[in-house]
Amino acid sequence: MLKWLFSVSARHHGGIRRYERGGGGVRALTAFLMLAFVAASLGLEWFSFSLLSEQFAVGILLLIVAICFVIATAEFCLVYAITGFRMFFWGVVVRLADRKGKRRRRSREAEEEEEEEEEAPTRSHCLSDMLIFLLGLVCSIGVVIAAVALGVTGI
């Protein structure tokens, strides 16, 4: 229990593996979850501030929950941003290595064998991984900034 609580990799291990093995649908779901968590955490914080004037104790408890949810959302977005960047980086490296290997083989083989050669399928989602990286980075930083701004203004 304590390992799960204090270890980011233990909490997100299964999700990261599903992301790495999944396709475009998993990446779209990840982007949707990032945006949904950001909206929910900011909405919860806004609602807790609106309760402070009417029911102070309930508003404070809800504000504590909202702060925990903002931190969890920032962590979720940052973990998947890092995972997306890692997948993007390794996808680019694999593509470059495949291209370099094909060039070496082509220089050694005759022209007739070159026409029959098929391209090896490379599993890569470079564009979607980069989008997940950028979205996750913006959401993880943005949710914290927006939460602080909501707290300062006390809407």
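Accessible areas here come from the Shrake-Rupley method with a 1.4 Å probe, and for residues only the protein chains shown count as cover. On that basis the protein exposes about 10300 Å², with carbon and sulfur atoms supplying 68% of it. The model is a predicted one, where local features need pLDDT of at least 70, side-chain atom pairs count only at pLDDT 80 or more, and totals for chains, interfaces and linings use all residues. Residues are numbered from 1 along each chain as its sequence is written, and side-chain values use heavy atoms, with hydrogens and water left out.

As for the fold, there are six helices and zero strands (DSSP runs numbered from the N terminus: H or I of at least four residues for helices, E of at least two for strands). Of the 155 residues, 28% count as buried, meaning under 20% relative accessible area, with exposed over 50% and partly exposed in between (1.4 Å probe, protein chains only).

Confidence is given by pLDDT, the predictor's score for each residue from 0 to 100. The protein averages 83, and 84% of the residues score at least 70. Over residues 117-122 pLDDT stays under 50. Where pLDDT is low, the predicted coordinates should not be read in detail.

Then the cysteines: the structure holds zero disulfides, a disulfide being a pair of cysteine sulfur atoms within 2.5 Å. C139 is buried at 8% relative accessibility, but its sulfur lies 4.7 Å from the closest cysteine sulfur, in C77, too far for a bond. C68 is partly exposed, at 49%.

Definitions and conventions: Contact = heavy atoms within 4.5 Å.
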